[in-house]
Amino acid sequence: MSVVFYNGPRKIFYSLIITLTIIVGCKNNANSDSPAGTKDPLSTFELEKGFKIELIAAEPLISDPVDMEIDEYGRLYVVEMHGYPLDKGGSGKIKLVSDSNADGRMDKSTVFADGLTLPNSIMRWKKGVLVTDAPYVFYFEDTNNDGRAEIKDTMLTGFALSNPQHNLNSPVLGIDNWIYLGHEGAVTTQTYKEEFGDPGTEIYYPDHPASPRLEKNASGRSVRFRPDQHLLETTSSNTQFGHSFDTWGHHFLVSNANHIIQEVIEASYLKRNPQLLVSKATQSISDHKNAAEVFPITKNPEHQLLTDVGVITSACGITNYLGGAFPAPFDSVTFVAEPVSNLVHVDRIKDSGVTFTASRIQPNKEFLASTDSWFRPVNMYIGPDGALYVVDYYRQIIEHPEWMGEEVVKSGKLYNGSDKGRIYRITPTGAKTAAWIKGLRLGDAANDELIQQLANPNIWWRLNAQRLLVDKAGKKVVPGLIEMAKNTSSPLGRLHALWTLEGIGELTQQVIEQALKDPVAGIRENAVKLAELHFSTYPALKDALLSLKGDADAKVRYQLLCSLGSVNTNQASSIRNALLFRDINEEWVQIAALSASSSQSATLLKVVIDSFKQDVPAYASLVERLSTMIASSEKPEVIHQLIQRSVTPGTNLQAAAWQGPLLQGVAQGLKNQKTQSSYKAEQNLLIKTIFENPSRPVRAASLNMLKVIGLEMEPSVKKAKEKAVAIAGNRETEEDKRVEAINFIALSDPASETGELKKLISPEEQSSIQVAALRALSAIPDNTVSQYLLTRWRDLTPEIRNEAINTFMGDSIRIKILLDAIEGGKIPTSDIGWPRSVRLMAQKDLKLRERARKLLTKDESERIKVNKQYQHSLTLKGDIDNGKTVFFKNCSSCHQIRNDLGVNFGPDLGTIHNWSPEAILANILAPNLSISSGFDLWSVELKDGSSFQGIIFTETPAAITLKNAGREERTIKRADIKSLKALNMSSMPSGLEKQINQQQMADLIAYLKQNK
């Protein structure tokens, strides 16, 4: 399921899906073509106590609304996106809507602009509006006050016009005077490639060819720009449809199944140290999971196929409430639209160190929910009256046809409701009617009045006043702004005065230094940012920042650490170190500290080692990160010193505790260097360390180092291998040292040790010994291990079989042997496992790929047969306690229940109690039917020829981290990636019916259906 506002579960749909849908049972209501809310939409709502809801605009005045804007004269602009999901014919419009009789209900509309493709967002700017309509950001202006735009300029171009839910959107003016665009990477559809296959180009100002250009489609990052200065940058993160800022400028993002994400570190800080490999710049801050449970009240809901029911699956339009009119606790919340479940979700936002935590206000109830299945809230807006305006797209079907059954696409329902649409106004009970509807005059206000509005409790007035003052950019306003910056009664006024002065180029050192001493933490935090912008103009500000080293607020200290990263002085370095060690257990503090210039890494490493605390794990991770960065770029003589220091036995346990992480980091960093030949001289030292060093982590790191630099055969190595063979075969020796010995043997061609290694693959040996021996045999560059395993397969335990399959995956010759064995019945397909099946079915060799798909994929008739067989389980009474046992045995290796009772790899199953038993059964038996967003498998091919498959765990402009079902994580530099492709396969294996009988299936469903 998917839509322009979200990217719900990606699905693979064959004709099988249609058949299974019939088997499971039709989920569509026969009367769903008749919208329930047409006559009295307000009667369909349940709203939080203490609030009221009004309808201010509806069809036929507006239809298909997706965004709105109220300008400084009280004019209401509405964006109508009629083309969704498939029409690119230019049906999109911008309308001006007004109330001619002052009854609080809009009754007149004018087409301000039309001929747009898929317009989705709008923002007031200068004398007109900015509109996002991929691949463009347009500027429209009405020059003669007739209500229609005469000017249409293309501000930016180059954004991808791909599957609509991934297009650019939501221009938002930040307090820093930049305009931020919501954006993420293009995802080409499979079914509609011709219509939505545009991957984008460089992003640029077409009327200013000398201005900055961003890489193709901004590399899937969000974008910020300042049109008046022709500035253009990517941010460190991305968002789907919508994003929002809090009072102090913290940036909150949204994704279809993750309703609130915080951008924690800015792109500029990550860019200044290219050796820092960080794959995430954001943090999910919901304390009730990413795909949070929701509580719809919809009557006769219509969901396409196996839409995720009862959880966040279409989150969009995130809005920090800054209107100043809502009572506590709703004065510090974020609202998120959830159109699939016909509701608006709310979270209370609380400080949590460097980041925030988002928590439910009501445990089992939403802020706003409707019984009408056509109610589709997609966006929200804070008006001049402090009200929350909810934009209702009002469609029967919100999903994109890419993820539907063909019969639904052909049914003619895709555009049902396209002649409808509503905008609602939510206020506290007892609030007055919206006065702005009668018109506003902020646009004609004198400078003094605009300056006073900077202190208004409502963000609409503050931000519009700031925008108008910056547009005027006159020196006459400077004295008034400086006075507002000193206004002790209004922290908000001080904040906006500072950024307004910055926007007009009149911010002075004195004003910044004053703000650095402000009693309000949010202003001090912003003052640090402002000081950083003026380091070159006012160098003394670098010293002024140092006084904040002991600030009581975690966010101020964090921003100080980020800003001081570009100051290369002894004093700044000392302060950074103090800030780091004060909050060393905070991951983001470590990242901020490491983002400083790489020239400072060696100095920091010394400080960390000198103050190393063995009982604080953060110290070990910091040592490894620092040594990785140093080894990635430093000269050989520096790295030689690090290696020597790592392997020299320490005089105490604390010394040994940092040596292992130090050497592991060096080994990791050397992988990023073009050649490792300079370190061959370390070979004998590392070999000696492997056999003699008392520290297990140091021995393991030495092995890893030899793996990176390569092992050259010489007499000393031959003797070492003989010693390793003796240790490996001696059952009286400690297990870990035997494993290390086998791993050493595998560093070079172990063909001469074949006999000894085969002896170790025996039921009498510990599994760790057998696994190590298997891996060593696999290092022989022929088919020895494959042929040997086929003769021993029946004798291997499941754990060893699992590792044995991996040995076949190394090259096409071994894969062919494996497929031959599967076809011949020597190796059952159930031994392959789903992740490896994916690799086999997605490999480069076309012949082997097709053969693997035939052998490993169930055909349609067999899957339908299995589903029919298991329909009987739906009639059986399930036992919850037995179901828990079934879950632990078959599901807990990849899934959790409400962040507990299992492994956090696949989707959390704690909320599927909202699903029907039929839907749960169908998903278990055919997991590819409904691939939850974020849990589809990807294949990355690297420039060195290697590849890796897994789910994308985190990503930044510099790197991605993938995680596979074996819980292996790998962080990969984007610069090393040759290709990255979605495999359109679930990370969950099929064939579970082989492990679960009918009664066990009933028990499992009963366990998953309980709401506990």
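How many bridges join strand S7 to strand S8, and do the two run parallel or antiparallel? In this predicted model, local features need pLDDT of at least 70 and side-chain atom pairs count only at pLDDT 80 or more, whereas totals for chains, interfaces and linings use all residues. Residues are numbered from 1 along each chain as its sequence is written, and side-chain values use heavy atoms, with hydrogens and water left out.

S7 (residues 121-125) and S8 (residues 128-133) run antiparallel and are joined by five bridges; strands are DSSP runs (E, at least two residues), helices likewise (H or I, at least four), numbered from the N terminus, and two strands pair if DSSP finds at least two bridges between them. Arg 124 has Val 129 of S8 as its bridge partner. Two residues separate the strands of this hairpin, and Lys 126 in the turn has a positive phi of about 55°. Five of the five residues of S7 are buried, so the strand is largely enclosed by the rest of the structure; buried denotes under 20% relative accessible area, exposed over 50%, and partly exposed in between (1.4 Å probe, protein chains only). Ser 121, Met 123 and Trp 125 point one way from S7, and Ile 122 and Arg 124 the other way.

In helix H29 (residues 846-856), the buried residues are Leu 848, Ala 852 and Leu 856. Seen down the axis of H29, these fall within an arc of 50° and so line one face of the helix, the arc being that of the directions from the helix axis to the C-beta atoms. The face turned away from the buried side carries the exposed residues Leu 846, Lys 847 and Lys 854.
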